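Please keep the sequence and the structure in view while reading.

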Amino acid sequence: MVLLGITALVGGCVIFLIFRLYAKRGRQPPPPDPSFAPPGTILSVTGDQMKAWVQQHDTAGVLFYAPWCTHCHQLLPTYEDAAKQRPSLALAKVDCDAHPQLVSLYGLRGVPTLLRFRGGQVDAEYEGDRTLNDIAQFF
């Protein structure tokens, strides 16, 4: 038992030291690859990943939301259903509270906001009904 405790302590110290070495050198583990999202799912993208992700797709949809927004919580299941109904769609979502730089970059006036991108540029802002068929047809 004592040997197991000492082994765990030593192992924990080694992991801590490795973490400290990376931190001192300014290295961080690589972010998740935004190009991979299983068909029919919605990818959560960050401010750093956003531009690259929309440029990877001919047509892409991005839902800008806030965790505290009731309308966002009501729209999200419909948006997820649109992704399941049309798995070929490239759909993502962005938490505006976590990534305020994207709010100012795209001139968003409120949440939820659904933008369609074509060729890496904003093509249109969705202004229709928040129904599954209307959202799916938007793309």
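Asp58 lies in the loop between H2 and E2. In this predicted model, Asp58 has a relative accessibility of 68% and therefore counts as exposed, the cut-off being over 50%. Beyond residues up to four places away in sequence, Asp58 touches Phe117, Arg118 and Gly119. The C-alpha atoms of Asp58 and Gly119 are 5.5 Å from each other, although 61 residues separate the two along the chain.

**The sheet**

How are the strands ordered? Five strands form an open sheet in the order E1-E3-E2-E4-E5, and their pairing is mixed. E1 and strand E5 (121–125) are the edge strands, each of them pairing on one side only. From one strand to the next, the twist averages 30 degrees.

Strands of a sheet may pair in a parallel or an antiparallel sense, in either case through backbone hydrogen bonds.

| Strand pair | Sense | Bridges |
|---|---|---|
| E1 (residues 42–44) and E3 | parallel | three bridges |
| E2 (residues 59–65) and E3 | parallel | six bridges |
| E2 and E4 (residues 113–118) | antiparallel | six bridges |

Ile42 has Leu91 as its bridge partner in E3, and the partner of Tyr65 in E3 is Asp95. From E2 the chain passes through helix H3 (residues 70–85) to E3, a β-α-β crossover that is right-handed. On E4, Leu114 stands opposite Leu63.

Why is strand E3 described as largely enclosed by the rest of the structure? Six of the six residues of E3 (residues 90–95) are buried, so the strand is largely enclosed. Ala90, Ala92 and Val94 point one way from E3, while Leu91, Lys93 and Asp95 point the other way; all are buried.

Helix H2 (residues 47–55) lies across E1, E2, E3 and E4, and runs at about 150 degrees to E2. H3 also packs on the sheet, where it touches E1, E2, E3 and E4, and its direction makes about 160 degrees with that of E2.

H3 consists of 16 residues and reaches 24 Å from its first C-alpha to its last, close to the 22 Å expected at 1.5 Å a residue. At Leu76 the helix H3 bends by about 25 degrees, and a proline, Pro77, follows within four residues.

Which residues of H3 are buried? They are Cys72, Leu75, Leu76, Thr78, Tyr79, Ala82 and Ala83. In an α-helix there are 3.6 residues a turn, so residues three or four places apart point the same way. The cover over the buried residues of H3 includes E1, E2, E3, E4 and helix H5 (132–138).

Apart from neighbours within four places in sequence, Thr78 is in contact with Arg130, Thr131, Leu132 and Ile135.

How values were computed. Residues numbered from 1 in each chain as written. Predicted model: local features only at pLDDT ≥ 70, side-chain atom pairs only at ≥ 80, totals over all residues. Heavy atoms only, no water. Buried < 20%, exposed > 50% of the residue type's maximum accessible area, 1.4 Å probe, protein only. Helix = DSSP H or I, 4+ residues; strand = E, 2+ residues; numbered from the N terminus. Pairing = 2+ DSSP bridges. Right-handed = clockwise from strand over helix to strand, strands pointing away. Axes fitted to C-alpha atoms, helices over the stretch in contact; angles between N-to-C directions. Contact = heavy atoms within 4.5 Å. Expected span 1.5 Å × (residues − 1). Bend = angle between axes of the 7 residues up to and from the residue.
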